[in-house]
Structure formats: C-alpha cells, structure tokens
Amino acid sequence: MAEENPAKESRIRIAEELPVTAVDFIKQESWDRFFTSKGADDFCEWYADWPQFRTSLKKHLSFPAPAQTPEKLSILVPACGASRLSEHLYDEGFRNITNVDFSKVVIQAMMKRNIKVRPEMKWRVMDITNIQFPSGTFDVIVDKGGLDILMDSELGPRSGLRSYISEVKRLLKAGGRYICLTLAEPLVLGLLFLKFRFGWKINLYTIYDEASPGTNTQQTFMLVAEKSFLTVVSRIAPFMDVSFLESQGNQVHELLEALERENIVRTAYSEGTYKWYSLEELKQGVKGNIGEIESGRHINLFLGETGVSRFFYTCVLLDAPAETGPFSDHFRVIIFMRSHSAQKILAAELRQWLVLQCVKAARLLIIVLDSNHICIKWADIEKDVSHFISQLTPDEAGDEYEIVVSSEDDTVDGIKQRTILVEVPSVLTGLMYVEDVRYNKSQDLTFRRLCFHTTETLLHSEAQLSTEAFRQKKGKPKKIASSGELKVDHKILTNGFHKGVIAGLQLFSAHSKTTTKAGGLVKTVIIGLGTGILPMFMKTHIPSLKIEVVELDPVVLNVASEYFGFIEDERLKVHISDAIEFVRERANSEAVHAAGSKIDVLIIDVGSSDSSSGLISPEADFVEESFLLTVKDSLSDKGLLIIKLVSRFSSVISVVHSKLRKVFSNLYHVYVDDGFIEIIFALKKEAPVKVDEACDALARSLEHNYGQDWAKRVLRDSKCISPLE
C-alpha cells in the first residue's frame, strides 16, 4: 500500500516543477531533464492515489473464466513516468506488466528501482504514439495521465493523439480493456467518445480523491472501454454519485453535458427512424437477403470491424427500384471525400436516391469520410474498405464492382474547374485552403471558397468573383475600374445562411429603429469571421450597424484580408479573442456601462470540429444552456440572437431546440440550403412578433430600395420565417 499523505504532498510539490509550456509537455528532452533532477525514489502521482482507485481498478482487471489468471494477464502501462501504479499492480499479484515511456532517464531509474524486488516487470523506452508490439498483444492497457498529456485545452489535439488512440485499439485483444484515468477535459472526452463509438462498450466512473488542505485538485475519472467482438453502438453507462458530483463545479458540469450529447448521438445510431446497422447485422438478415438486390431498399450502416479495419466508415446502401432500369452497373461504390455536399447527402434520403439515379447502378454504396480520416492516404482507405465492400456485392454482380472517388463536392455540385490558390496551416484551426471554382450550372462565373480541414463540412463559405469590385476608403465605397482581374464582390451573397441572416435581421428590426432614432448604431457581433463576406455585405447595405467580429484565430483574419478583400474600419472591427469569454464579459458589464456594452444582434456562424457532438454547426459549447443564459444577459432589451444549426440527427436538433426554449420564449426559424441548414432567431423580449405584420412593416421600410436585387430577396426570404413550434 502506498503512503497516503506523503504521496499526496510529493505529488503537489513535484507538479509545481513540471514542464509548463505546451511544447515542453511533448518534448522528450524536457522530460529527460525533469526526471534527471529527481531520484528514483522521488515518485510522481498526478491524479488520484492508489488507495482511491485500487478497488475499482482491480474489479476491471478481473476477467471471467477461462480468461487469463492475474499473474498471466498481459498489462501495458503507457507513459508510465515515475508513477508507482505498476508497482502497486505487481504487488497485487499482476506479474505480466510492461511499462513504456519515451524518456530513457525515467525508464532506467524505474528499472533500477524495481529490478530486484519486482524482477518480472518489464520496462521499455518507446513513444506511445508508435508502440513496437504486435497487434492484439495485451489484455489490458492502464493509462494514468498518458492521454491527457497529449491534449492541450487551448491548442486542441496534438499530432500524436489520434495515433496513440489507434495504437491502443490495435494493441488490445478482442475482449480487452482500455482503462484510462483522466481529468476528462471536454476535448479529451470528445475524442475518446468518438474513437470508441463503434465496437466498444464504455463505462465511466468517479474516483473519489479528497484534496489536501489548501489545494485545488481536479476530479479524476476512470473510463473503461471494452473491445467488443461485434460492431455495436451502445450508450455510455456512468457510475457516479450525483450528490458528490454536484459539489465539484464546472469540470463535472462539462463532463455531464458531453456525456449527454454523446449518448444522444449513440441513441440516434441505434434506435428510431435513423437506425444504423452494422455489416454483421445485415449478414444476419435483419434487412432481408443482402446478397440479392431488393427494389427500393435503403439502409444506413457503418462499416468497420474491431481488430480488422483501421477505421469505421459512415455509409448508405441503396438498391434501385426495378422500374428505374436498365442499369449500367450491378454495383457501384462512391467514396465522398469530406465535404459540404457529402454531409447534405447523409442528411437527406432524397439526395441519396438522386445520386443513385445519376450513376445508373442497380446497387449503390455511398461511403462518406469525415474528420477521423484526415491525412489518410487513398490506398489505405481502399485497402481498409475492400474487405467489407466484397461482402456487400450482390450475387449477380460476381466479383465485379467499381469504386469512384468523389473529390470534395465535384460529383454532387457539378464543379467543372478547381484551382487551389493557397494552403495555410494554423495551430488553432488546422489546415485551411482557398480555392477558385467554376460550376457547370454557373456558366462563366467564378467563386472563391474557404475550406477548413478540421470541420465536418470542410467548406465554410464562398464568394462570387467579378471584375467590378469596390474599395472602401473614407466616405463612400469607390468602384474600381475593370482591369480584367477578378476580385471578391462584396455586393453579392451566394450563401443561403447569409441570405437568411439578412432577411431575419431586417424582419426583426424594431430594436434597430429605436436605437437609430436615438442617434446611435445597432451593435452587432458576429462570432466566426470565415471569409468576412457577411460583415462586409452588412456594412455596405445596412448603414445603421456597428459590427464587431470575434475570431479566435489570427490566421483566419489574414486569409480573409488577403484573399477575400476583408477590410476593417470605424464601423467594422475584429477582435482576436475567445468568443465565449467575449460574450461573458459583455454579459457581466457593470450596470453603469450596461447600455453602452450590451449587444443588439449576436450572430453565431461557426462550424463544429467535433463530430462526437452530432452537430455540424455550431460547436456544442455555443448551444449549451449555460452559454445561452450568458447570451441572454449580454443582449440589449430588444436583442436578437441568430444561430446556424446543422445536424444529421433529428434527436440532436430536438435537444438544441429544448435548450433554446428553456432560455428564450420567443423563437423563430427558417430552413435554407434545401433544408440542410436551420437558422434560429431568438428574441430577448417576451412579446411575440406577428410575422405577417412584421413583413408588411419591412416592405414599407425597404421602399426606397425596391429597385435593388438584395432588397427584393430580403422581402421574399423574410416571408419564409415562422415561429419555432
């Protein structure tokens, strides 16, 4: 048994001397220097101590017969450091333990400390993102802080984090367990939930760790992921004392919210209209004989098998109605690279049938790649899926089938020409790129697009290029003489969301008129800069607005300025800041300054980089009840919140609607982009708006703009807005 108080005191003292920068945490040299300054007996326990989790851990190291006995159970302890965890396990009777760490210094020190008293324990110098053991080597992997050290809360997943989790999944035997002691930060949970969604059973436990007087130790949790023999999706089972958790503050609150979101997504996969099937279920005949083409059959499925494939894939299988023949192929496979249009296809069955109609195949398998497949070579994808494709080939096709790779939106949106102008890496946002495209349907028009590799839709927004651009100087915009060079045209909106925002903003404008009459401007905040097209258009066409844009990444601002003609001035400013903190500061403004700092219009236009939330837009944090309450406090008395809401799962949409209703009683919405995007309008004031009367008032206010296309479009689009029932 480890000493309780001395261990805790040592942990606290050493923690103050750990490498402090994000880069230091992943540098081998930094850890070597740190461990060199410590002796072999100066151990370090980061989270809970052995007495706090001994019973829970031993329970999950016990396997039903005829599994391995404790002394033969193969256990891996990654990133072992100077922890005494493996020593305690050895003393409890577990002899087959392998410890790995990339610090040669600490491995030598720990080996020297244990070689006589624990001679069967093994020590290896290895990088946990590239562990040199064969697949299926271990029964259990016990991780105490190894995963957390690869994740930085501000910079997101490190390059090796996904590799490490892939190694964990590879190294475990079927039926094996990954036991992770973690602080359960939101980014860590999001990745764990996503990576262990298919073919894993997850339980989550609280480790009761009382902090020493005067310290502020975060709560430790134990996640247990068991490698299933079948590809299944099951809800995460939490084993927690709710009364204890309620006293733990924001850390636990964020965990419970993340758990709720993930279970909603898992339920959507396994139940209801949008039930998703595994290949194993199809082979068992739950949707008929998969070897035969069944006219009009439609199946949502995920492909992948624990221990067989490197990844899991979201797919749709369609058998064409017999009357739509004749067919060019018995079986066609289309693999969509991650894109805006690919997400639209997954979200709407009608679009899937249209794709099938275009390819003229009797059976179509659509495979859509997502953010899990970033930087994966096509050859690896093809090798990974070929085993499963062969099992879905109809009998009449024999061994013949064709795989078509759709690059971005080309197949669906009809892109006939694409030119990538620049690829820009960013520590915060990841890789982004700017491209010019031409569509088959748009004649000779060229559009400039901004795409993010880390978001689920890839495409953020696009702008039309023309030879007539406007340069904003002091006073009015000045037209630039045509020189044949294409420039971004800020007078035109091509994005359905942007058009809907303008229509809603104009419709719910009673507060704007009041502010303008008082001699001020309507204070408008946009979260997410992207191309900057929306704020530039708003500044030009709605002179009553004073616009602030909140963008976390300065690289995005540079790209918008250089490639999309974005320009700041006295009516349009950009804040490089965390949006949630920005809104919180506005909400917490002192009463004496409240009138000048409150927001009249708040627009949230950010894509999600975490597919585990089930949201494509926005990030889950922006629709949590706590943040929505902060938003309400930040708004002026007649303030308006506008949110872009996108998800493939109706259950996820329903949860977001429910959270909005808890905070705002006056809600309206409109669908754009063929129903793919829902725009939510939330008014702070309680009195409902009569949309018909508001449309009439809007028509009167735009009389002087009747000759302009944008005003006509606003009037037309505003009539589509309705109360959110």
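Modeller: Let's start with pLDDT, which is the predictor's confidence in each residue, from 0 to 100. This is a predicted model, in which local features need pLDDT of at least 70, side-chain atom pairs count only at pLDDT 80 or more, and totals for chains, interfaces and linings use all residues. Residues are numbered from 1 along each chain as its sequence is written, and side-chain values use heavy atoms, with hydrogens and water left out.

Biologist: Thanks! What is the mean pLDDT of the protein?

Modeller: Of the residues, 78% reach 70 or more. The mean pLDDT of the protein is 80.

Biologist: How many contacts beyond four places in sequence does the model have for residues 514-518?

Modeller: Contact here means heavy atoms within 4.5 Å. Over residues 1-25 pLDDT stays under 50, and the model has 48 contacts beyond four places in sequence for them. Residues 514-518 also stay under 50 in pLDDT. For residues 514-518, the number of such contacts is seven.

Biologist: Now the helices. At what angle do α16 and α18 pack?

Modeller: Helices (H or I, at least four residues) and strands (E, at least two) are DSSP runs, numbered from the N terminus. Axes are lines fitted to C-alpha atoms, for helices over the stretch in contact, and angles run from 0 to 180 degrees between N-to-C directions. Helix α16 spans residues 496-507 and α18 residues 533-541, and their axes lie 11 Å apart. They pack at an angle of about 35°.

Biologist: Which residues of α18 make the contact with α16?

Modeller: On the α16 side, the contact uses His 498, Val 501, Ile 502 and Leu 505. On the α18 side, the residues are Leu 534, Phe 537 and Met 538.

Biologist: Let's turn to salt bridges. How many does a search of the whole structure find?

Modeller: A salt bridge is a side-chain nitrogen of Lys or Arg within 4 Å of a carboxyl oxygen of Asp or Glu. One network of them links Arg 84, Glu 87, Asp 91, Arg 113 and Arg 118. For the whole structure, the search finds 28.

Biologist: Is Glu 226 buried, exposed or partly exposed?

Modeller: Buried means under 20% relative accessible area, exposed over 50%, and partly exposed in between (1.4 Å probe, protein chains only). Glu 226 forms a salt bridge with Arg 177, with the closest N and O atoms 3.5 Å apart. Arg 177 has a relative accessible area of 10%, so Arg 177 is buried. Glu 226 has a value of 30%, which means that Glu 226 is partly exposed.

Biologist: Which residue forms a salt bridge with Asp 319?

Modeller: The closest N and O atoms of this pair are 2.7 Å apart. The pair joins distant parts of the chain, strand β13 (residues 313-319) and strand β15 (residues 361-368).

Biologist: How far apart are the closest N and O atoms of Glu 435 and Arg 449?

Modeller: Glu 435 has a relative accessible area of 0%, so Glu 435 is buried. Arg 449 is at 2%, so Arg 449 counts as buried too. The closest N and O atoms in their salt bridge are apart by 2.8 Å.

Biologist: One more: why does His 657 count as buried?

Modeller: His 657 is found in helix α23. Beyond its neighbours within four places in sequence, His 657 is in contact with Leu 645, Glu 678, Ile 680 and Leu 724. His 657 counts as buried because its relative accessibility is 10%.
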